[in-house]
Amino acid sequence: MNTNKVLVIAKREYLTTVRRKAFVVTLLLTPAIFFFAGIVSTRMQISQAVARLNEGRVVAVVDSSGLYAGAPFAFDYTAPTELNFDPRQAKKPAAAPKKVPVILRHYTSQQVALDSLEAGKVKSALIISSDFLASGRVRIYENDTRTFTNSSDQRPLTNWLSRNLLDGLADSVRVDRSLGIGRRLDYFTKDREGQWALKDDAKELAGFLLPFALGFLLAMAIITGGQYLLQGVSEEKESRILESLLCSVTPAELLTGKMLGLGSAGLTLVGVWIMAGAFTSASVLSFIHVSVPASLLILGLLYFLFGYIFYASIMMAVGSLTSNLREATQFSGYLTLLNVCPFWAMYVFINTPNSAFAVGMSLFPPTAATSMMLRMSASAVSGAVIPPWQIATSLGLLAVSGFLTLLAGSKLFRLGMLLYGKTPNLPEIMRILRQP
Amino acid sequence: MLQVRNVRKVYDGRTVVNDVTFDVAAGEIFALLGPNGAGKTTLIRMITDIVRPDGGTISFDGKSMTGSQRPRTAYLPEERGLYKKVPVMDALAYFGELKGLSNADARREAIELLEEFGLAAWTKKQVAALSKGMQQKLQLCSALIGQPELLILDEPFTGLDPINVQVLEDVLRRRRAEGTTVLLSTHQMNKVEQQCDRALMINRGHMVLYGDVGEIRRQHAANEFLLTADGTPRAVAGVKTLVAENGHWRVALEKAAHPASVLRSLLDQGLAVRAFVPVVPPLEDIFVHVVQSGVGLDQGKSGPPTMDDLYVQVGAR
């Protein structure tokens, strides 16, 4: 094989791809979409919830239990101060807790209270059942059309209920402490070394998200590189250029160059996303003392390499066997689904990363790359250990499969490039593959 | 020199190229002729090492056509295309680099070729912006770049206007003078007569004509002569028919008649003969005759490949 020619092909494929408008748009638009979905929309949701919590309210109260006959019907609610995980806000002085005025109006019947709510005279109606002390049953009525509402929005009312229920039975300090117990509870579990350690939810979340994101990006890189290859081969076949090329280069040189160049384009895409993600989240990750282990990166790269060879070889065969790009894209869609299908069973991987299903998926070559990354994500949270032999076997099977699909793909490529206007059926493909 | 020896290709028991042997010398323009489905494309694909023969050998200057030894070969297939969304220069330079040129040399040679074909002003334009004829010329440039030792052109004149046909003919003549071996496959028989030194015609995979173009035409002459003379000739011994034709006389001789004896008899009539030249049939007539009469074909299972045959052919490679 002539290395210079391989590099010339790889360089051309790479530059042609990364200069395409579609590549640039994908490069910029995908993180923008994730940024919007992950940050902007979340912030909007939070700010909406906070705004709702901070707005004053007039509440109709129907106390059938009589337990709140002596309770004050107007008070200021002060929301508890939450822990701040954002290092960019760490040095800023804490804002003074906001006091929210709450006015309660006593109503004699539920119907009158609801009529008042309908008329817009009150914001919500609190119905305390007659057997409240025994059953704890309370109803809150609101004119709220949002699909997802947060029960914490009702904290002013639940606080009012708790405080006034205990009025005279405990001093205010004990009441406050009683209401805040859940928030200051330090939860210890055994770490991987078997030592008691404070459970750090933020760190665990990051520990899960890092391999998860890597698995997702790995799947994206494999798919993207494979799609470029499919597109390239299909276009060259449609434009009848392959026969001229094969006069100067061998099919093996052409394929190797294409796989190298287009795989690099896929890696560039994902690499830029990773760097952008690392840059924007570096301060948060360092604040919670999370770093990306080198072993994870090396494994990610190996899975990308073998996974890419596996899928790219199939994509190449599909591109050369089908008559046009549209037909090729239809076939490749199924391959893409196969690559990402482990994400559909994500709950299995998260809850039982060492279950037979998860192990099987991570050993099965078409799903091995993404499945193993998901298992590693889950093990970061649960503390489950993935046996090294499983990683080695998974990588080995994927490497062997990649090599075999490369051989089969090359053979089909040599056939497909000479076929115009007809897509062979499965028996015909099998017939070719059986040739020595 | 390209040497093809007893080359054979069989698809599923059907012989599509049957024991074909021919040579093409350096500095020769050689025509590969045949009706559609005769096996020309398969033969070319075997020469360019896209398909491997089932029997026989193909070599160039004594070296194999496979692997690193193969000569600098350029092939312009009949069904051809180009990268559309790249500048003309980049498209051409890429082909040059694939043929072993450095990027700088490829670009330098690309400029020379583009100037030669009148495309220099389009260097930075996208290929898709070129007219069909211009793209056709660019495809020729992509075949010619890299100074190929063996140049295989399949219907290169298709789509070119008369001026560009002349440009291509000039280029081919120059390449021939420089020692390039040119294999030209075309159905334009007048171009073969004008451009080619020798020709091979295959029909259903068999060699049915091979040799010097002029000699082939002479061999197929029907013992007819064109007589130009002052006065009206009378029939003489050995003349089958004598027909006036555009100020000349077409003289058909009997099989056993000798042209010199007939000419002597005509002169003896006192006729002022200015020319008495044999009528050589055009290659096109010979082509039609050979194909329709099935000259040189065996009774075996030969013929063009089916789609199924192709699967086996390429898969076996």
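A residue is called buried if 20 or more other C-beta atoms lie within 10 Å of its own, exposed if 12 or fewer do, and partly exposed in between, with the C-beta atoms placed from the backbone. By this rule, 32% of the 436 residues in chain A are buried. In chain B, which has 317 residues, the buried share is 41%. This is a predicted model, in which local features need pLDDT of at least 70 and side-chain atom pairs count only at pLDDT 80 or more, while totals for chains, interfaces and linings use all residues. Residues are numbered from 1 along each chain as its sequence is written, and chains are lettered from A and ligands numbered from 1 in the order in which they are written.

Secondary structure comes next. Helices (H or I, at least four residues) and strands (E, at least two) are DSSP runs, numbered from the N terminus. Chain A has 16 helices and seven strands, and chain B has ten helices and 14 strands.

Two residues are in contact if their C-beta atoms, placed from the backbone, lie within 7 Å. Take the contacts between residues at least 6 apart in sequence: in chain A, 78% of them join residues at least 24 apart, and in chain B the figure is 70%.

A nonpolar core is a set of buried Ala, Val, Leu, Ile, Met, Phe, Trp, Tyr and Cys residues joined through C-beta atoms within 7 Å. The largest such core has 142 residues, and the members that touch the most others are A:Leu218, B:Phe30, B:Leu92 and B:Ala199. Helix α10 of chain A, residues 294-321, gives the most to this core, with 15 residues. A:Leu218 is in contact with A:Gly300, A:Tyr303, A:Phe304, A:Gly307, A:Ala369, A:Thr370 and A:Met373, leaving aside its neighbours within four places in sequence. Another core, of 14 residues, lies apart from the largest one and includes A:Val62, A:Val102, A:Ile127 and A:Ile128.

The axes of helix α2 (residues 88-98) and helix α4 (residues 132-144), both of chain B, come within 8 Å and cross at roughly 30°. Here axes are lines fitted to C-alpha atoms, for helices over the stretch in contact, and angles run from 0 to 180 degrees between N-to-C directions. The crossing angle therefore makes α2(B) roughly parallel to α4(B); that term covers angles under 35 degrees, while those over 145 are roughly antiparallel, 65 to 115 roughly perpendicular and the rest oblique. The contact is made by B:Val88, B:Leu92 and B:Phe95 of α2(B) and B:Leu138, B:Cys141 and B:Ser142 of α4(B).

Most residues other than glycine have a negative phi. B:Asp49 is not a glycine, yet has a positive phi of about 70°. B:Asp49 lies in the loop between α1 (40-47) and β4 (55-60) of chain B and is buried, with 20 other C-beta atoms within 10 Å. B:Asp61, also not a glycine, has a positive phi of about 55°. B:Asp61 sits in the loop between β4 and β5 (63-64) of chain B and counts as partly exposed, with 13 C-beta neighbours inside 10 Å.
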